[in-house]
Amino acid sequence: MRGSRWLVLVLGLWLWAISLAQPTPNTPPPDFSPRVFEIARELRCPVCQGESAAESNAGIAVEMRRIIAEQLAQGRSEAEIRQFFVERYGDWILYEPPARGLTLWVWLSPLLGLGLLGYGLWRYLARTRARAQTAMAEVSEEEIARLEAELSRKP
Amino acid sequence: MLLLGGLFYWGMQRPNPNELKSVLVGKPAPSFSLPLLEPYRARYGPEMGVKEGLGKPVLLNIWASWCIPCRTEAPLLERFHRQYQDQVLILGVNVQDRESEALKFVRQYGLTFPSVYDGRGRIGIEYGYYGVPETFVIDRNGTVLARHAGELSEAQLQGYLRQVLQ
């Protein structure tokens, strides 16, 4: 019993040590500051499918990171750097395009969908409730009397 | 359902992705000057680029030696260069490449239209390029008329040429 507890402890320590030895994923390579990657993460890599400029190792993404690092060193703000790429590539380069024009409709469509769904549900519930009530009102007096008589006869 | 159908139809009607509209269309082409690859220095000088006073429309072709479609495009561009060099400047920009590889490519296809060397592809980013090959059509006044992403066919090249020589 004692031995197995020790075994578990040693195994646990060993696993913990291994987890420490693993590099955490997506940490920037040492050549650029983490800030460069924070900005690059919001930018699309133009040649890759579904990768940001932070993750890709394509030449163009590497060059984009270099441009970001240079502009940061020149004291430009994050917004200015993003603008630099938008001026050359359009809003397409941003992973979160600004909410205006056609994009505004894309942003609003989930809300619109939810609203429509809610309205439909409300209409449906209102209709079923109304039907239940009319069904209740349609029961005639003598039928109710007959039912009550039936119920009182039972015991 | 109708909405979905409409969306699908709209998606199908969208222009060819190869003719991705550039933000630059209708705007002045970013000017630059870069060192020419060695074989062109004797004729064109040490540097070349898009700048004022060229007096000619420019077909700016971004290429790399490792790019497969560039290999079929290069002979076509060369042919057009020989035919129209007095009227239009076909200027290559070699990006994301090693200079020695670029020189090998130029020699292999016997390219006589000038190419500048932009190892890191910075000018490409300045123009908002997606990849190689990519061609920017610039008119006589230095305004970008079109961008063509991907390989050019002869008919497309002819079309751009007509557009630019009007």
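## Before we start

This is a predicted model, so a word on its limits: local features need pLDDT of at least 70, side-chain atom pairs count only at pLDDT 80 or more, and totals for chains, interfaces and linings use all residues. Residues are numbered from 1 along each chain as its sequence is written, while chains are lettered from A and ligands numbered from 1 in the order in which they are written.

## The sheet in chain B

Let's begin with the strands. Chain B has an open sheet of 5 strands in the order 5-4-3-6-7, with mixed pairing. Here strands are DSSP runs of E with at least two residues, helices are runs of H or I with at least four, and both are numbered from the N terminus. Two strands pair if DSSP finds at least two bridges between them. Which strands stand at the edges? Strand 5 (115-118) and strand 7 (144-149) of chain B do; each has a single partner strand, so one side of each is left without a neighbour in the sheet. On average, neighbouring strands are turned by 20° against each other, direction ignored.

Strand 3 (residues 58-63) and strand 4 (residues 89-95) of chain B run parallel and are joined by 6 bridges. One of the pairings puts Asn61(B) with its bridge partner Gly92(B) in strand 4 of chain B. Helix 6 (residues 154-165) of chain B packs on the sheet, touching strand 3, strand 6 (134-138) and strand 7 of chain B. The direction of helix 6 makes about 170° with that of strand 7 of chain B (axes are lines fitted to C-alpha atoms, for helices over the stretch in contact, and angles run from 0 to 180 degrees between N-to-C directions).

Strand 6 and strand 7 of chain B pair in the antiparallel sense over 5 bridges, and Ile138(B) stands opposite Val144(B) in strand 7. The hairpin they form has 5 residues between the strands, and Gly142(B) takes a positive phi near 85° there.

In the loop between helix 5 (122-126) and strand 6 of chain B you'll find Pro133(B). A cis peptide bond joins Val132(B) to Pro133(B), with omega about -10°. Gln96(B), in the loop between strand 4 and helix 4 (99-109) of chain B, has a positive phi near 50° although this residue is not glycine. Is Gln96(B) buried or exposed? Gln96(B) is buried, because 23 other C-beta atoms lie within 10 Å; the cut-offs are 20 or more for buried, 12 or fewer for exposed and partly exposed in between, with C-beta atoms placed from the backbone.

Helix 5 (residues 102-137) of chain A has 36 residues, which should span 52 Å at 1.5 Å a residue, and its end C-alpha atoms are 51 Å apart, which agrees. The expected span is 1.5 Å times one less than the number of residues. This helix is hardly covered, with a count of 0 buried residues.

There is a kink of about 40° at Leu108(A), shortly before the proline Pro110(A). The bend is the angle between axes fitted to the seven residues ending there and the seven starting there.

## Where the chains meet

How values were computed
Contact = placed C-beta atoms within 7 Å.
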